[in-house]
Amino acid sequence: MSGTWRVCLLALVSFLVGTSEYIISGILDMISDTMGISVTSAGQLVTIFSFVYAIGTPILMALTAKAERQKLLVWALGIFVLGNVLSYALPGYASFLAARVIMALGAGMTVVTALDIAAKIAAPGKQGSSIATVVMGFTASLIIGVPLGRVAAAQFGWRAVFGLLALAGLAAMFVLYASIPRVQGDKPMPLSRQLAFLKNGNVALGLAITFFWLGGYSIAYTYISPYLLDVAGLGEGMLSGVLLAFGIASLIGSKFGGFSTDKWGVFPTLSGGMFLHVIALVLLSLTVANMQSWLPVVTLLILWSFAAWSSGPTQQVNLVRIEPNYSGIMLSLNQSMMQLSMAAGAAIGGVVVDRVSLTSITWVGMVGVVIAIVVVWLLRLRLSAGRQVVGEYSGN
């Protein structure tokens, strides 16, 4: 099997993991109805998954740094499959929550190991494109996995989605064991040394951008299904199609963000994308409040998704530029911060839905993105001041 096909297999695994994470937002109303719990309680399933992913992944990867990568990937995928099997088989909210914890531990190790293998088996000079392919698998879960999961849930019940993910993951374990070459692990870097980078003010500000940008997005996205059904008044028949359009817009936005970063730079792309993100959420809130047709709502959802994900690749470039000699650590820290922000966003969104209203989640999400814009400008000023001091020092 060629290296390209092996990387595509790793992207498929990333797709399965991404679907398991994002699908909750697509079937939140179903989980709430069948379990007899509030939408807020169902939304915390996103919080627990993202929190465990963010905290558990760097710890487990540090502990298994020397492990042979192919075996580690298969074992991690096995833990992920176990979590899906338990999600499918066990009744009750508490057991489902526990299954999500197991699923998140396996998912985090699977994605990071898949990215590591992709970089190591790539042809010389192709490491970047191999990593991008695996990341695209994760992004594709928004485009294909969530709407297809919604369709499957409507036909067979929402638990069937996790049964299907378990079967697909089990098949992937055998294929990966047979096709992925043995790849040695890395020299361990203590977790304390990785966390020491947080003392760097520029790194802290860079990660804060991720936290507030994606946290603001997550506040609204976690509750997207009940929002569209109960607030916007869309029918069940339209929801899967709208989620598909939303996912496609995220892919286009991500592609545009990469193009814009190369052409116009990091800070113009971040500022412009987040400003458009805020405008989309404001217009969506106003349109839903005075809704006369579903078309403007869907149009604004697409604009929101496009704007939100245009910041994704730009933020990764931003963090790598801050510490170019430690790009791997920067990307790893950013992955953990992304998951923490999604956990926080889902938790805050739950409080807002419970104590204010479902309608207000877009307004609160907008506040998070506005804070991210402020942090972008603070980082820009700080970096500019640093370069000016270096220039004056060199001149002397």
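**A pocket and a helix crossing**

Mentor: The second largest pocket has a lining that takes at least three residues from each of domain 1 (1–188) and domain 2 (190–395), with bounds from an automatic or database domain assignment. This is a predicted model, where local features need pLDDT of at least 70, side-chain atom pairs count only at pLDDT 80 or more, and totals for chains, interfaces and linings use all residues. Residues are numbered from 1 along each chain as its sequence is written, and side-chain values use heavy atoms, without hydrogens and water.

Trainee: Which helix gives the largest share of the lining of the second largest pocket?

Mentor: Helices are DSSP runs (H or I, at least four residues), numbered from the N terminus. At least two lining residues each come from α3 (39–63), α8 (191–195) and α14 (327–355). The largest share, five residues, belongs to α14.

Trainee: Are α3 and α5 parallel, perpendicular or oblique?

Mentor: Their axes, lines fitted to C-alpha atoms over the stretch in contact, with angles from 0 to 180 degrees between N-to-C directions, come within 8 Å and cross at roughly 40°. Angles under 35 degrees count as roughly parallel, over 145 as roughly antiparallel, 65 to 115 as roughly perpendicular and the rest as oblique. Therefore α3 is, relative to α5, oblique.
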